[in-house]
Amino acid sequence: MKLSLPDFLTAGDRSEDRPEHHSENPPEHRPEDRSEERPATVRTRREGPVLHVELHAPETGNAVTEAMLDELLDIVVAPDPEVRVLVLSGAGEDFCLGGDRTEFGQWLEEDAGGRGIRIAGEKARRVCEAISGGRAVTIARVQGKAVGAGFALALACDLRVGADTASFRLPELALGLPTAWGGLLPRLIHEVGAARVRELILTGRAFDAAEAYELSVLQRVVPGAELDEAVAAWAKPVVRRPEAALRVTKALLNSYAAATRLADPSFLDAELMASVAAATRRSPTGGDRAGGAHS
């Protein structure tokens with residue numbers, strides 16, 4: 001019998017951020033079914049040592065699907081060693097509205113234990129680790145909304161510039177899920193501080209670019225028309241640095257940042273997400289608040 005997940009797939013906590021496309025036109029195949037050609041959801045453009053990586057599903061607010069994670073893995077896990085800077089951006093009005101909850105709901109329909117969620121969660125962890133830990137300096141170019149998984153992808157980047165109209169939100173708790181995607185939580189606590197992160201997660205409130213700058217979620221805020229200029233201003237000096245010195249310096253920065261964390265159980269993110277989603281779905285009231293995606 002098909003499970004009913006009304007709040008998961010269509011409810012209002014997410015509807016304000018994302019078109020209703022997902023609930024009206026659910027995909028017919030599991031993400032791993034690659035028997036039919038799919039349009040690419042990630043586009044790349046190379047400018048010498050700078051690689052531009054664009055999340056390209058604007059009709060869904062660049063919703064993160066397993067197919068998108070697979071494409072990102074192909075790009076970021078073993079990039080061209082000549083790439084010095086990787087710029088991550090999103091097509092359309094928003095950077096990324098989070099995970100595709102229709103897909104999330106389908107995984108639970110097919111396996112109530114959450115196997116599909118575990119598989120995608122592990123891919124998310126690998127993508128974010130490659131963005132933050134790779135040798136290239138990574139820059140997030142954020143416009144519009146960065147929600148849930150989109151927030152995590154931006155935060156994984158070394159440098160983050162946002163339009164003055166950008167906003168951020170972590171609504172997982174309201175959707176009945178833990179904040180466990182791509183190693184977001186330990187990274188966010190390190191960058192922002194535990195007290196502020198606690199408030200953002202427990203309330204799930206949105207915050208604007210000015211507050212994001214204050215919290216160090218963004219390191220620079222500019223008018224939307226100046227985003228590309230701001231990215232270029234960061235990339236230009238980086239690509240002139242000696243390759244060995246740049247690579248070692250980034251490794252040192254990552255190592256010292258990791259040393260300040262008492263614990264980093266982000267390798268458990270996929271398991272935690274799957275377990276809580278499955279438990280929430282089984283609860284008597286799960287249909288009202290079980291959340292399908294990270295937005």
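Guide: The structure holds three aromatic pairs, where rings of Phe, Tyr and Trp (its six-membered ring) pair if their centres lie within 6.5 Å, and planes under 30 degrees apart count as stacked, over 60 as edge-to-face and the rest as tilted. In one of them, Phe151 and Phe168 have ring centres 5.5 Å apart and planes at 70°, so this pair is edge-to-face. Because Phe151 lies in helix 7 (residues 149–155) and Phe168 in strand 7, the pair ties together parts that are 17 residues apart in sequence; helices (H or I, at least four residues) and strands (E, at least two) are DSSP runs, numbered from the N terminus. This is a predicted model, in which local features need pLDDT of at least 70 and side-chain atom pairs count only at pLDDT 80 or more, while totals for chains, interfaces and linings use all residues. Residues are numbered from 1 along each chain as its sequence is written, and side-chain values use heavy atoms, with hydrogens and water left out.

Phe151 is buried, with a relative accessible area of 1%, and Phe168 likewise counts as buried at 2% relative accessibility; here buried means under 20% relative accessible area, exposed over 50%, and partly exposed in between (1.4 Å probe, protein chains only). Phe168 also pairs with Phe207: the ring centres are 5.6 Å apart and the planes lie at 20°, so this second arrangement is stacked. That pair links distant parts of the chain, since Phe168 belongs to strand 7 and Phe207 to strand 8, 39 residues apart. Phe207, at 2% relative accessibility, counts as buried. Through these ring pairs Phe151, Phe168 and Phe207 are linked into a cluster.

The strands that carry Phe168 and Phe207 belong to an open sheet of three strands, with the order 5-7-8 and mixed pairing, two strands being paired if DSSP finds at least two bridges between them. Strand 5 (145–147) and strand 8 (207–208) stand at the edges, each with a single partner strand, so one side of each is left without a neighbour in the sheet. Strand 5 runs parallel to strand 7 (residues 167–169), and three bridges join the two. Phe168 returns here as well, for this residue is the bridge partner of Ala146 in strand 7.
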